[in-house]
Amino acid sequence: MTAIAVRESLAARGSVRCGERPAIGLALPQASIDGLGLGDEVRALFKTDALGTAIVSLPASPRVHALAAEMFSPPVAGNATQLLLSAHAAEIVVHALFGERGIALDPAADLQRVRLQSVKARMDADLAYPWSIDELARNAGLSRRSFNQKFQMAYGESAIDYLRARRLDAARDLLIHQRLSVTEAAFRVGYAHPANFATAFRRHFGYSPSRCQ
């Protein structure tokens, strides 16, 4: 497996290749890497500030093979393709960073993290959908209780609290930037009753949604 880290964002056309082998090209904003707490590890890949790219070649695990296969031939289309590529690229970065340092990732824990990440991505991609804990747990391949516990441990809040916060943040953006009415914003992010939306909004932000208009 070859991962190529790029300092600047580049438009990739066609397959990226390293010699005779296909390679995964990763262009990630430095702020995002720092936000993940991996800034020092990524910067260490670059020997000097003058280099624009860094190449790490490692034996690819079955998991990385599967990720690479889906990146070269995505099983989805449209906006979902970019979401899938971004998630897979981030995971390969982790494998490359830790693999270079000789740290093996636990396959079971890795799979569990990927499933939780996938569930979170599904919520982010369709905030208006009436998600339930039972459905989210099924998507993660976990029991309801186990899903609640593991999501809380992974992201610091329950799945329902996360979904509520994301919906309200999105609604505020709609109110401010698209000038939607309170009712329209509520429906757009999955609230069937504007009154319930207004109550949740006030509790979350400390002021009513009408103040955003």
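Contact, in these notes, means heavy atoms within 4.5 Å. I am working on a predicted model, where local features need pLDDT of at least 70, side-chain atom pairs count only at pLDDT 80 or more, and totals for chains, interfaces and linings use all residues. Residues are numbered from 1 along each chain as its sequence is written, and side-chain values use heavy atoms, with hydrogens and water left out.

**Entry 1: α8 against α10**

I began with the helices, which here are DSSP runs (H or I, at least four residues) numbered from the N terminus. On the α8 side I found Ala165, Leu168, Asp169, Ala171, Arg172 and Leu175 meeting Phe197, Ala200, Phe201, His204 and Phe205 of α10. I then looked up the packing angle, which is about 100°, with the two axes 10 Å apart. My axes are lines fitted to C-alpha atoms, for helices over the stretch in contact, and the angles run from 0 to 180 degrees between N-to-C directions. Angles under 35 degrees count as roughly parallel, over 145 as roughly antiparallel, 65 to 115 as roughly perpendicular and the rest as oblique. I therefore noted α8 and α10 as roughly perpendicular to each other.

**Entry 2: α8 by itself**

Helix α8 covers residues 159-177, which is 19 residues. From first C-alpha to last I get 27 Å, close to the 27 Å expected at 1.5 Å a residue; the expected span is 1.5 Å times one less than the number of residues. Next I checked burial (buried is under 20% relative accessible area, exposed over 50%, partly exposed in between, with a 1.4 Å probe and protein chains only). The buried residues of α8 include Tyr162, Leu163, Arg167 and Leu174. After α8 comes Arg179, and its phi is positive, near 60°.

**Entry 3: the nonpolar core**

A nonpolar core is a set of buried Ala, Val, Leu, Ile, Met, Phe, Trp, Tyr and Cys residues joined through side-chain atoms within 4.5 Å. Which members of the largest core touch the most others? Among its 30 residues they are Met123, Phe147 and Phe197. I see two or more residues coming from each of α5, α6, α7, α8, α9 (182-188) and α10 (194-205). The largest share, eight residues, is from α8.

**Entry 4: salt bridges**

How many salt bridges does the structure hold? I count three, taking a salt bridge as a side-chain nitrogen of Lys or Arg within 4 Å of a carboxyl oxygen of Asp or Glu.

- Arg166 pairs with Asp124, with the closest N and O atoms 3.1 Å apart. Arg166 is in α8 and Asp124 in α5 (residues 107-125), so this pair ties together parts 42 residues apart in sequence. Both are partly exposed, Arg166 at 26% and Asp124 at 27%.
- Arg144 pairs with Asp134, and here the closest N and O atoms are 3.0 Å apart. Arg144 belongs to α7 (residues 144-155) and Asp134 to α6, so the link joins parts 10 residues apart in sequence.
- Asp161 pairs with Arg164, with the closest N and O atoms 2.7 Å apart. These two are three residues apart in α8, about one helical turn.

**Entry 5: a last look at α6**

Helix α6 runs over residues 133-140, and I list Ile133, Glu135, Leu136, Ala137 and Ala140 as its buried residues. Asp134, by contrast, counts as partly exposed at 39% relative accessibility. Just after α6, I noted that Gly141 takes a positive phi of about 70°.
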